[in-house]
Amino acid sequence: MNAKQNNSLKNGKLPKICEENHTNGTEDYHQTDVSNHRNDKPMNQKKTISAEEDTRDKPLTINVEINSMAWLLFAIAFAFRFYRLSEPSSVVFDELHYGKFVSLYLRGVFFFDSQPPLGKQLIALSAYVSGYTGNHVFTNIGEKYESDVPLKALRFVPINDKPMNQKKTISAEEDTRDKPLTINVEINSMAWLLFAIAFGFRFYRLSEPSSVVFDELHYGKFVSLYLRGVFFFDSQPPLGKQLIALSAYVSGYNGNHVFTNIGEKYESDVPLKALRFVPMFFGSLIIPTVYHLIVEMGLTHRTATLAALLIIFDNALLTQSRFILMETILIFFSLFGILSFVISTKKPTFSIPWISWLITSSLFITFGFSVKYIGIFTLFLIQFIIFCDFWTKLANASIKTGGLASITKGQPLEIAHGSQITL
């Protein structure tokens, strides 16, 4: 820098070279310098990928479109046709012929029919499943059916008078324009497979050992007190024990077992599988939750599968899942709360999916806190992620209604290039 430039700085003016670089305004400055100073990306910044790339790395994924309106109409039609199906209890019109053919099929009698057999064979199958042997003889229209004839089974197959595969040929635009109450469901078979493997490992010989193990002494005692309606003081929130108590109540357990010592044998009337089922079930749900969380964080499905397998065969989590303990319930609620929040960051702000996933995240974090007080740290983690997200957005020049550019826009030249701005 020469002497002339030094004199300009002393007089409170910028050198000529700085004035030339600033001719495009403060916004150009932030599009270059500020964006270079902040290399972090906000959480909702996505990589644009094609539809082919989006579906290329989803092993065993099935896309299902469920039209709720069609199922509702089917349910209404089924109810109208099934109502009092066995009335009248006499032979009506062509039931004389088709009922006779069905009886002959079931008795194994050869006969000649001028029409193809499939419809009558389907009715015969329904009657066979209900236990009908074809002993009724169809002789006249109007005759009463015998009491041992499963009339509902015979009339069940023809309830639907329209073929299910009958379709109207329409264009792709019309196909997506008028679909009321349609639900698109993506079924990830890999996640279900991992859940099944985890469930099998945790459920196998669940009632062994048949004695009180570690903190089963305390939690089992609390469950029994809940079922007997006895008031007691607990230093932790009640949700986990109440879920186990619900499972035990459904199995018929009345809380009569007294938990006194670690290692004591359970009585024969204690439904041990029901008591240990809830921690086992939530411990199994951890695996698909971890799988989806890894995918939502931007890693591949293969990496997510590897992570899920490591969780399946982790001895600590496997042991925690097989006894009357709270940890697996807490871990699932916390992980699912984090997963819901991560998904919400990828949705448009203030959209219905964004609000729905945030509400789901809040609910599951609350559930985790209601199992054990240490679940509050999951909330702290999400708050820290939110803070980091907002901090990185401050220098994001692509955000036109926020960021550092909106703060310095219209400021005098000396302030915009100085150090007088405080955030």
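Helices and strands are taken here as DSSP runs, of at least four residues for helices and at least two for strands, numbered from the N terminus. On this basis, the protein chain of the predicted model has 20 helices and two strands. The chain comprises 423 residues, of which 33% count as buried. Among contacts in the protein chain with a separation of 6 or more, 75% are accounted for by residues 24 or more positions apart.

Helix α18 (residues 376-393) was examined together with helix α16 (residues 327-344); their axes come within 10 Å and cross at roughly 20 degrees. Because angles under 35 degrees count as roughly parallel, α16 is described as roughly parallel to α18. The crossing of these two helices is right-handed. On the α16 side, the contact is made by Ser334, Gly337, Ile338 and Phe341, and on the α18 side by Thr378, Leu381, Ile382, Ile385 and Ile386. By class, the residues of this contact are six nonpolar and three polar, with no charged residue.

Helix α18 also packs with helix α17 (residues 352-371), the two axes coming within 7 Å and crossing at roughly 145 degrees. Here Ser361, Ile365 and Phe369 in α17 meet Ile376, Thr378, Leu379 and Ile382 in α18. The contact of α17 with α18 has five nonpolar and two polar residues, and again no charged residues. Thr378 and Ile382 of α18 are listed in the contact with α16 and also in the contact with α17.

A search of the whole structure gave eight salt bridges. One of them joins the side chains of Glu95 and Arg155, with an N to O distance of 2.7 Å. Glu95 belongs to helix α6 (residues 95-107) and Arg155 to helix α8 (residues 151-156), so this pair ties together parts that are 60 residues apart in sequence. Arg155 has a relative accessibility of 12% and therefore counts as buried, the cut-off for this class being under 20%.

A salt bridge is also present between the side chains of Arg276 and Glu216, at 2.8 Å from N to O. Arg276 lies in helix α13 (residues 272-296) and Glu216 in helix α11 (residues 216-228), so that parts 60 residues apart in sequence are tied together by the pair. Both partners are buried: Arg276 has a relative accessibility of 0%, and Glu216 has a relative accessible area of 0%.

In the salt bridge between Arg205 and Glu208, the closest N and O atoms are 2.8 Å apart. Arg205 counts as partly exposed, at 45% relative accessibility. Glu208 is likewise partly exposed, at 40% relative accessibility. The pair Arg205 and Glu208 thus consists of partly exposed residues, whereas Arg276 and Glu216 are buried.

Ser126 is placed in helix α7 (residues 118-129). Its relative accessible area is 18%, and Ser126 is therefore classed as buried. With neighbours within four places in sequence left aside, Ser126 is in contact with Ala153, Phe156 and Val157. Of these contact partners, Ala153 and Phe156 fall within the residue range of helix α8 (residues 151-156), the helix in which Arg155 lies.

Methods: Residues numbered from 1 in each chain as written. Predicted model: local features only at pLDDT ≥ 70, side-chain atom pairs only at ≥ 80, totals over all residues. Heavy atoms only, no water. Salt bridge = Lys/Arg side-chain N within 4 Å of Asp/Glu carboxyl O. Buried < 20%, exposed > 50% of the residue type's maximum accessible area, 1.4 Å probe, protein only. Axes fitted to C-alpha atoms, helices over the stretch in contact; angles between N-to-C directions. Parallel < 35°, antiparallel > 145°, perpendicular 65-115°, else oblique. Left-handed = near helix turned anticlockwise from the far one by under 90°. Contact = heavy atoms within 4.5 Å. Nonpolar A, V, L, I, M, F, W, Y, C, P; charged D, E, K, R; others polar.
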